[in-house]
Amino acid sequence: MLKRVFSSLLISAALAAPAFADERPNILFIFTDDHAPHAIGAYDGWLKSVNPTPSIDQIAAQGMLFKNSFCTNSICGPSRAVIQTGKHSHQNGFMNNGNSFNWDQQTFPKLLKEVGYQTAIYGKSHLKGNPQGYDDWKVLPGQGLYYNPDFFTEDGKITVEGHSTDVITGMATDWLTNQRDAEKPFMLMVQFKAPHRNWMPAERYLHLYDDIEMPEPPTLFDKWEDNTLAAKYNELEIDRHMDINYDLFLDLTADFDQEASQKRQDRSAWNNMKRMTESQMTAWRGAYGPKDKAFHEQNLSGDDLVRWKYQRYAKNYLRCVKGVDDNVGNLMNTLKELELDENTIVIYSSDQGFYIGDHGWYDKRWMYEESLKMPLIVKWPGVTEPGSINEELVQNLDYASTFLDIAGATIPEDLQGQSLVPLLEGAETVAPFRDAIYYHYYEYPSVHMVPRHCGIRTDRYKLIHFYQFGVWEMYDLESDPDELTNIYETADPTLVAEMKEKLEALKEHYGDDSHEAEFTLEKKKEFWPEYSE
Ligand code: CA
C-alpha cells in the first residue's frame, strides 16, 4: 500500500514538473516567534541604538522591507494557521491556542507540492498534530524548549543537545546540503521558538549587553488613562504580572538542586532549567548568580523595581534575538556556499509583534501597533529593488497567495489574501493594495485577560470594538502614533460612522460571523468591577 502511494506520488510529481530544467525560485521562509519589528535594526524604533540584527538588516538592504505588515489575530498558533491556509481564523478553524488545527484542510505547502516543489519544515509549528504537506519535518512539541529540545519527527521523538535556535538551523542546513532533491525547487520553513517567553538566551550571549543600559520605551509607565477599561483589567504588565522567577530566572540557578526551588519554579521555567547539562548550568550560574546578588543588595521597589525587571527582560529578549540573527546569517552563508543564493527568495517574518515594555507590557494579543505589526522583509534577487521600503497595508493572510504565485501555481478562489508579488516586483499601483486591514482576537477569558476584539486599521485610523463589553476605541495614528488618545467620543461623527461602516463591510467580505454576543451587565461587572453604563 505504502509503495503504491509512493509511486503514485512520483507519477503526479513527474506530471507536474516541466520537461526543461526547473528554474522556478526556491523559497526560504524564516519565521520567528514574537519578534517585534521594533527589535530589528532595519525598522525604526526606540531600540534602534541596540541593533541586535545585522544579518536581518542585510536581507533588508538587499530586498524589500514592509513597513505596514500586520497579523489578523495576534497570537502564535492562529497566526501560523492563517499563513498555512491564507484564510482568517474563523475560516480555518484555529481561533485561539486552545484549538487544534485541522491538517486535512487545504494548505499552501500541499498546493506547492502538487506543482512540483519540495517542502520541509523545522522548528516550531504550534499547530498540534503531525504536519501535512511536507516532504520532511521535525517540529517542537507545543511551545518547545530552549535548551536541549525534543522534536517530533516522522520516526518518533528525538532530543538534540544545544540551544533550540542553533539546533533548528542545523536541521535546515543539513536538509539543504544533504537531503534536498536538487532537481526540484524547494520551499523550506525554518521556524524558531526564539524570542518567545520565557526568554532563555544561548550560552554565548549570557553576558551580551551586561555593560549597557537598555533604552526604555517612552510608554513604560503608561497608565492607559484614555483607554476603555479593557487595558486596565489586563494581566500582562511588567509591574504586576511578570514573574521574577518564572520570567526572569531570579535565584533559579543558585537553587538549582534544591527541592524548594523546584516547587517555586513552576511550569516550564523548571522544565527548561532541569534539562541543562552541567556545563550549560555552570555558564548560567556564572552569568545570573552575580546579577541576582546585586539585585538583592539593592532592595528595589515601585518604579525602580519595574525598571530592573524591564532591563532584565529586554536584555534576555534581545539576547535571544541576537541568537536568531546569527542563525539567519548562517542560513545566508549556507545558501551562498551551495550556490543557491541567486535563485532563492528569502523571507523574514514573525508570527506577531510584541510589547518590549511598551505601555508597561510584555506579550501580544492587543490590536495596538506593537503587537499588530509583524516584521516582513523579502529578498528576491533580480526582482526586489535592494533597500526598498513598501508602505502598503499587507497581512500574513497574503503569504499563501504569494507563495503560490511565486511558484506559478493556481491560487484557489477561497483564499482570502492577495499575492504580494506585484508589490515585490515594484509595480506602481494607482489604487492602494488594500484600504483597511481586518483583525479579530478571540482568547477570553484566558491568560493575560485581553478581551475579544475586532477592528480595522487604515493608513491613518484604527477602530477597535471590544464587543463583549460593547465599548470602542479609535486612534489617529498620524497625530498619535503611540495610541495614547482615544478619539472615539471626540472625533468627527461622520469619520467614526465611516470607520464603523468599513468594519461591517469587511466582516461581511470575509464572512466573519464568529462574534460572541455582548455580555450581560452582571457579567461585565464580574470581569470589570468598575464598569458602569
Ligand atoms: Ca508568537
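Guide: In this predicted model, the centres of domain 1 and domain 2, taken over C-alpha atoms, are separated by 26 Å. The domain assignment of the protein places domain 1 at residues 28-424 and domain 2 at residues 437-527.

Visitor: How many residues of domain 1 and of domain 2 are in contact?

Guide: On the side of domain 1 there are 40 residues in contact, and these meet 38 residues of domain 2.

Visitor: What is the area buried between domain 1 and domain 2, and what percentage of that area do carbon and sulfur atoms give?

Guide: The size of an interface is often given as the accessible area lost when the parts come together. Here the area buried between domain 1 and domain 2 is about 3,200 Å², and carbon and sulfur atoms give 58% of that area. Within the area that domain 1 buries against domain 2, Asp226, Arg365 and Met367 supply 23%, which is more than any other three residues.

Visitor: Which polar features does the rule find across the interface of domain 1 and domain 2?

Guide: Three salt bridges are found across the interface of domain 1 and domain 2, and the count of residue pairs in polar contact there, with both residues at pLDDT 80 or more, is 22. On the side of domain 1 that touches domain 2, helix H4 (89-92) and helix H12 (369-372) each supply at least two residues, and the residues of that side divide into 14 nonpolar, 18 polar and eight charged.

Visitor: How many Å apart are the closest N and O atoms in the salt bridge of Lys462 with Glu369?

Guide: In the salt bridge that Lys462 forms with Glu369, the closest N and O atoms are 2.8 Å apart.

Visitor: Why is helix H13 described as largely enclosed by the rest of the structure?

Guide: Helix H13, at residues 399-406, is described in that way because seven of its eight residues are buried. The buried residues in H13 are Tyr399, Ala400, Ser401, Thr402, Phe403, Leu404 and Ile406. Just after H13 comes Gly408, which takes a positive phi of about 75 degrees.

Definitions and conventions. Residues numbered from 1 in each chain as written. Predicted model: local features only at pLDDT ≥ 70, side-chain atom pairs only at ≥ 80, totals over all residues. Heavy atoms only, no water. Domains from an automatic or database assignment. Contact = heavy atoms within 4.5 Å. Buried area = accessible area lost by both parts, 1.4 Å probe. Salt bridge = Lys/Arg side-chain N within 4 Å of Asp/Glu carboxyl O. Polar contact = N/O pair within 3.5 Å; in protein donor to acceptor, adjacent residues only side chain to side chain. Helix = DSSP H or I, 4+ residues; strand = E, 2+ residues; numbered from the N terminus. Nonpolar A, V, L, I, M, F, W, Y, C, P; charged D, E, K, R; others polar. Buried < 20%, exposed > 50% of the residue type's maximum accessible area, 1.4 Å probe, protein only.
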